[in-house]
Amino acid sequence: MLNEHDYRFMEEALRLAGQGVYTTMPNPRVGCVIVKEGVVVGRGAHLRAGEPHAEIHALREAGTKAQGADVYVTLEPCCHFGRTPPCSDALVSAGVKRVFVAMQDPNTKVAGNGLAKLRDHGIEVQCGILEYEARSLNPGFTSRMTRGLPYVRTKIAASLDGRTALANGVSQWITGDDARADVQHWRARSCAILTGIGTVLSDDPQMNVRRPDLVELKDGRQPLRIVVDSRLQIPLDAKILKEANTLVAYVHDERKKAEELQAVGVKAVQFAGIAGRVDLAQLLHHLTKLEVNEVLVEAGEILNGALQQADLIDEYLFYFAPVLMGGASRGMFALPLITEMAQRVDLDIYGVDRFGQDIRVQATRRR
């Protein structure tokens, strides 16, 4: 039977897991707390791929006090050799008594086998404590392991009347400094940032993390930038191409531009789709092979509309500014005409926050 202390210790493990929100990719964010006679004797968080997992950090801090102790970990301990040895073996060797787990590992290499190994060695195991919170920490890792797709989150800055750019394409700046600073947080936690050629031609964005504190935290690593450019219209001097970590997804290459892009260190990958457009589902499956967990979309109405039509958006970040731009301006999603209310897209709002004069609304697709 779980008690309030069990929840409190798992909450501490979840807080520790949150320390890796910007840095663990492609690995999941995991935290661990070891408790002996009601006192925390070890804490650990997984921070970077290739470094020790949360359990190992916690066991090292606990030392011999881990013998007969309780362990609270946000994800099932691994039981296979990957970049590091199995954590389940380390827990067995340490002689822990009980292990409380927030969620089972969705990775098929683990998926219950880590829990089974612990039980086989006489360790009491309970799984499912604060599972929702644990899943919320790792939507991308879970999606990649269970669906073969990264978790797609689209960011849209709009006026109160739902307009994202003027009719001529100008969109800088609708929202204020505070809202744009918050977007940096979402960029930093994403493995990739996806945009369309229309946005590149109109705004010439860099699509990188620019907050110095976040750049330092990530050891200077930037997310993969992806441009959907069916006909390879992207200029070779576009800012988004300045750093090597860029991929251009295309369909047609009549002028042999892919070779020019490759020559300057840009990956150009062909994804043939219907009506000459990039197959977005195929692109996302390709990103899964690159171990991309979370994708942040920063694009215009055309790409957002295409992703919406293909049912490839998992989460929405709407930033609304207190301005009106009129019906002739560009909208959020270019979608076919909806003639019946049954055709509408229903969302569930789970967060509303204010940044200066702007409002951020967080929502997911209602299933």
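Select Val-352 to begin, a residue found in strand β13 (residues 347–355). Strands in this tour are DSSP runs of E with at least two residues, helices are runs of H or I with at least four residues, and both are numbered from the N terminus. The model is predicted: local features need pLDDT of at least 70 and side-chain atom pairs count only at pLDDT 80 or more, while totals for chains, interfaces and linings use all residues. Residues are numbered from 1 along each chain as its sequence is written, and side-chain values use heavy atoms, with hydrogens and water left out.

Val-352 counts as exposed because its relative accessibility is 54%. The cut-offs are under 20% relative accessible area for buried and over 50% for exposed, with partly exposed in between (1.4 Å probe, protein chains only).

**The nine-stranded sheet**

Next, display the open sheet of nine strands, whose order is β10-β9-β8-β7-β11-β6-β12-β14-β13, with mixed pairing. Strands β10 (267–270) and β13 stand at the edges with a single partner strand each, so one side of each is left without a neighbour in the sheet. From one strand to the next, the twist averages 20°. Angles run from 0 to 180 degrees between N-to-C directions, and axes are lines fitted to C-alpha atoms, for helices over the stretch in contact. Two strands pair if DSSP finds at least two bridges between them.

Within this sheet, select β6 (residues 151–159) and β12 (residues 315–321), which run parallel and are joined by seven bridges. Ala-158 is found opposite Phe-320 of β12. Then move to β11 (residues 294–297), where Glu-294 and Leu-296 point one way, Val-295 and Val-297 point the other way, and all are buried. Strand β11 pairs with β6 in the parallel sense over four bridges, and Val-297 in β11 is the bridge partner of Thr-154. Strand β7 (residues 192–196) also runs parallel to β11, joined to it by three bridges; here Ala-192 stands opposite Val-295.

**Salt bridges**

How many salt bridges does the structure hold? There are 20 salt bridges in the structure, each defined as a side-chain nitrogen of Lys or Arg within 4 Å of a carboxyl oxygen of Asp or Glu.

Select Arg-147 and Asp-314, a salt-bridged pair whose closest N and O atoms are 3.1 Å apart. Arg-147 lies in helix α6 (residues 139–147) and Asp-314 in the loop between α12 (301–309) and β12, so this pair ties together parts that are 167 residues apart in sequence. Arg-147 is partly exposed, at a relative accessible area of 40%, whereas Asp-314 is buried, at 12%.

Proceed to Glu-298 and Lys-155, which form a salt bridge with the closest N and O atoms 3.5 Å apart. Glu-298 is in the loop between β11 and α12 and Lys-155 is in strand β6, so named parts 143 residues apart are linked. Both Glu-298 and Lys-155 are buried.

At Asp-213 and Arg-211, the side chains meet in a salt bridge of 2.9 Å, N to O. Asp-213 is partly exposed, with a relative accessible area of 42%, and Arg-211 is also partly exposed, with 30%. Finally, select Arg-29, Arg-153, Arg-189, Glu-294 and Glu-315 together to display a network of salt bridges.

**The five-stranded sheet**

The last stop is an open sheet of five strands in the order β2-β1-β3-β4-β5, with mixed pairing. Its edge strands, β2 (39–45) and β5 (124–127), each pair on one side only. Select β4 (residues 98–103) with β5: the two pair in the parallel sense over four bridges, and Arg-98 stands opposite Glu-124 in β5.
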